[in-house]
Amino acid sequence: MRLHTSTHSIDCPYCGEAFDIIIDESEPWQEYIEDCWVCCRPIVIGAAVEDGEVRVMVRSENE
Ligand SMILES: [Zn+2]
């Protein structure tokens, strides 16, 4: 089975630092939390896959 992953650039909603995340395109919708490697605060990352296009949304945990 081939893995469908892609790399996306996001900005930390707390400190604004940009970094790359890897999204699994086999999931139509996913949400998970990843700690920012700069400020260590939890970033809620949501990714929606529509027609092969990945849309990534980030927000802070208490929004
Ligand atoms: Zn940060």
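In the hairpin formed by β1 and β2, where 6 residues lie between the strands, Gly16 adopts a positive phi near 85°. The model is predicted, and local features are therefore reported at pLDDT of at least 70 and side-chain atom pairs at pLDDT 80 or more, whereas totals for chains, interfaces and linings use all residues. Residues are numbered from 1 along each chain as its sequence is written.

The chain contains 0 helices and 5 strands; these elements are DSSP runs numbered from the N terminus, with helices being H or I of at least four residues and strands being E of at least two. From the N terminus, the order of elements is β-β-β-β-β. Along the principal axes, the C-alpha atoms of the chain fill a box of roughly 35 × 20 × 15 Å.

Strand β1 (residues 5–11) is joined to strand β2 (residues 18–24) by 7 bridges, and the two run antiparallel. Strands are taken to pair if DSSP finds at least two bridges between them. Within this pair, Thr5 stands opposite Asp24 in β2.

The strands β3, β4 and β5 form an open sheet of 3 strands in the order β3-β4-β5, with antiparallel pairing. Because β3 (29–35) and β5 each have a single partner strand and stand at the edges, one side of each is left without a neighbour in the sheet. From one strand to the next, the twist averages 25°, the angles being taken between N-to-C directions on a scale from 0 to 180 degrees, with axes as lines fitted to C-alpha atoms.

Within this sheet, 8 bridges join strand β4 (residues 42–50) to β5 in an antiparallel arrangement. Ala48 is placed opposite Arg55 in β5. The hairpin of β4 and β5 has 2 residues between the strands, and Asp51 takes a positive phi near 50° there. Of the 8 residues of strand β5 (residues 53–60), 0 are buried, so the strand lies largely in the open.

Across the 63 residues of the chain, buried residues make up 3%. A residue is classed as buried if 20 or more other C-beta atoms lie within 10 Å of its own, as exposed if 12 or fewer do, and as partly exposed in between, with C-beta atoms placed from the backbone. Among contacts between residues at least 6 apart in sequence, 33% join residues at least 24 apart, a contact requiring C-beta atoms, placed from the backbone, within 7 Å.

Conventions:
Two residues are in contact if their C-beta atoms, placed from the backbone, lie within 7 Å.
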